[in-house]
Amino acid sequence: MPGSGRNRVLINLATSLGAVVACTVAYYLLPVDRFGLVGTVNAVVVFAVGLAVVSSLILFQVRRFRIGGARHGSSIAGVAAALYLAVLFFAAVYFGLAHNDPGSIASLRTKTDALYFSLTITSTVGFGDVYAVSQLARAVVVVHMAFNIGFLAAAVAVVRAKASRPDGS
């Protein structure tokens, strides 16, 4: 079946793209601005659980890609989609923080601003037009940067190692 490999890649890519679109729509529909900060402990617990879930998903996708790639229904697009979910997770945190503590992140007023800020941190571009001001916002950004160093570096290393193998497995 000469076309089946190409079809599997296209299906994996379409599935990952669909997941990215669905997660982005869910991010914009998420009523982060209505929850309010119930307390520092609750916010930290929710943040930690969310980060653990996103981290687990990324590790799962990286492991599936490393072990079998397309043979096990995983692809680099799945890894990228999982990393994008982390971007959306941090964007939701930034938006909630800015909404509940105005001025904690300069120039962050909308969910698009939060997504932009999260992507600039993840991509290490950091234009400087949106930046953390409060100590809490800076602490979240530090966690985001450490997350990037750990998970993005691990994902890139696995993909790079897999691509450099002569048999591609």
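Which residues is L108 in contact with, leaving aside its neighbours within four places in sequence? I began here, keeping in mind that the model is predicted. I found L108 in contact with Y94, F95, A98, D113, A114, F117 and V130.

**Entry on the core**

I next looked up the largest nonpolar core, which holds 37 residues, and noted that L108 belongs to the members touching the most others, together with I58, F90, Y94, I105, F117 and F147. The elements giving two or more residues to this core are α3 (40-67), α4 (76-100), α5 (111-122) and α6 (135-164). Of these, I wrote down α4 as the element that gives the most, with 15 residues.

**Entry on the aromatic rings**

I then turned to the rings, where the count comes to six aromatic pairs. One of them joins Y94 and F117, which I recorded as edge-to-face, with 4.9 Å from centre to centre and 65° between the planes. This pair links distant parts of the chain, since Y94 sits in helix α4 and F117 in helix α5, 23 residues apart. I also checked how accessible the two partners are: Y94 has 0% relative accessibility and therefore counts as buried, and F117, with a relative accessible area of 4%, is buried as well.

Is F151 buried or exposed? Its relative accessible area is 19%, and because the cut-off for buried is under 20%, I put F151 down as buried. For F147 the value is 7% relative accessibility, so F147 counts as buried too.

Putting the rings together, I noted that ring pairs link F89, F90, Y94, F117, F147 and F151 into a cluster.

**Entry on I121**

I looked up I121 next, which lies in helix α5 and, at 11% relative accessibility, counts as buried. Not counting residues up to four places away in sequence, I121 touches Y94, V141, H144, M145 and N148.

**Entry on the cavity**

How many cavities of 30 Å³ or more does the count give? I found one, and the space in the largest cavity is about 70 Å³. Its lining is made up of L83, A86, V87, F90, T122, H144, F147, N148, F151 and L152. I sorted these residues by kind, and they divide into seven nonpolar, three polar and no charged. Both α4 and α6 supply at least two residues of the lining, and the largest share, five residues, comes from α6.

F90 and F147 line the cavity, are among the core members that touch the most others, and take part in the ring cluster.

Note on methods: Residues numbered from 1 in each chain as written. Predicted model: local features only at pLDDT ≥ 70, side-chain atom pairs only at ≥ 80, totals over all residues. Heavy atoms only, no water. Core = buried A, V, L, I, M, F, W, Y, C linked by side-chain atoms within 4.5 Å. Buried < 20%, exposed > 50% of the residue type's maximum accessible area, 1.4 Å probe, protein only. Helix = DSSP H or I, 4+ residues; strand = E, 2+ residues; numbered from the N terminus. Contact = heavy atoms within 4.5 Å. 1 Å grid on protein atoms, 1.4 Å probe; cavity = no way out; pocket = protein on both sides within 12 Å on 5 of 7 lines; lining within 4 Å. Points joined across faces, edges and corners; volume = space filled by probe spheres on them. Nonpolar A, V, L, I, M, F, W, Y, C, P; charged D, E, K, R; others polar. Phe/Tyr/Trp six-rings, centres within 6.5 Å; stacked < 30°, edge-to-face > 60°.
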